[in-house]
Amino acid sequence: MSAFRKSCKLCDRDVDRVDYKNADLLRRYITDRGKILPRRATGACSRHQHQLCTAIKRARFLALLPYIEGYRG
Amino acid sequence: MREYETVYIFQSTLEPEEIDGKLETFHGLLADAEITAVEHWGRRQLAYELAGQSAGYYVVAQFQADPARIKPFENALKMDEAVLRHLVVISEGESAVPPSLRGDDEDEDDDREDRDEDEED
């Protein structure tokens, strides 16, 4: 979380479509509690932030990512 | 005809032959659909429990099908208890291959490099 970025990393890498199946990539855009990081922290552009949001939600549904991490209720 | 992508999560206790058999039945419901890819990701740990199970067998399939065929297809998936969960989405050209086998993570360590630079500041 310490690394606040200025440029969109996904644009730098010419990512056309964020894949919801790529949990390792998506994991970099959630907190250690599993929340989606805000754009001010990810530095992602509008297009990619929207794609990330949808992709993370799909990945959660498929149990590739947790909805909440470390919750002991 | 439209391009779709489906992710199945089967019970991990099933034999591979049983899974192949089920996939054949499901894809048969899509009638004249053209199946373009079927990737077996295999047994995977789930991020949270589904139906009391902590692991599942993942299969990703891509196909071109008539939109009218999707409803009965999904109904069959819902009825089958061996399918822990499924997702049907319109394909956006994503790869069906498991990310761990794609080998396109050239700059996987980017994040760590960033942090190192920050500390120098």
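I began with the contacts in chain A between residues at least 6 apart in sequence, and 74% of them join residues at least 24 apart. A reminder to myself: this is a predicted model.

**Entry 1, chain A overall.** I looked up the secondary structure of chain A and found four helices and zero strands. Read along the sequence, the pattern is α-α-α-α. I then checked the dimensions. The C-alpha atoms of chain A fill a box of roughly 40 × 25 × 15 Å along the principal axes. For 73 residues, a compact globule would have a radius of gyration near 11 Å, and chain A, at 12 Å, agrees with that. I also noted burial: 33% of the 73 residues of chain A count as buried.

I went to Asp14(A), where phi is near 55 degrees, a positive value in a residue other than glycine. Asp14(A) sits in the loop between α1 (9-12) and α2 (23-26) of chain A. Is Asp14(A) buried or exposed? I counted 6 other C-beta atoms within 10 Å, so Asp14(A) is exposed, the cut-off for exposed being 12 or fewer.

Next I turned to Ala63(A), another residue other than glycine with a positive phi, here near 60 degrees. Ala63(A) lies in the segment after α4 (46-61) of chain A. Its surroundings hold 24 C-beta neighbours inside 10 Å, so Ala63(A) counts as buried; that label needs 20 or more.

I followed the largest nonpolar core, which has 34 residues. Those with the most contacts inside this core include Leu26(A), Ala55(A), Ile56(A) and Ala59(A) from chain A, and Ile9(B), Tyr58(B) and Val59(B) from chain B. The elements giving two or more residues to the core are α2 and α4 of chain A, along with β1 (2-11) and β3 (53-65) of chain B. Which element gives the largest share of this core? I found that it is β3(B), with seven residues.

I stayed a moment with Ala59(A). Leaving out residues up to four places away in sequence, Ala59(A) touches Tyr20(A), Ala23(A), Leu26(A), Leu64(A) and Leu65(A).

I looked at the contact, which takes 17 residues from chain A and 19 residues from chain B. On the chain B side, β1, β2 (34-50), β3, β4 (83-90) and α3 (110-120) each supply at least two residues. How do the residues on that side divide by type? I have nine nonpolar, three polar and seven charged in my notes for the side of chain B that touches chain A.

Key. Residues numbered from 1 in each chain as written. Chains lettered and ligands numbered in written order. Predicted model: local features only at pLDDT ≥ 70, side-chain atom pairs only at ≥ 80, totals over all residues. Core = buried A, V, L, I, M, F, W, Y, C linked by C-beta atoms within 7 Å. Contact = placed C-beta atoms within 7 Å. Nonpolar A, V, L, I, M, F, W, Y, C, P; charged D, E, K, R; others polar. Rg over C-alpha atoms; globule rule 2.2 N^0.38 Å.
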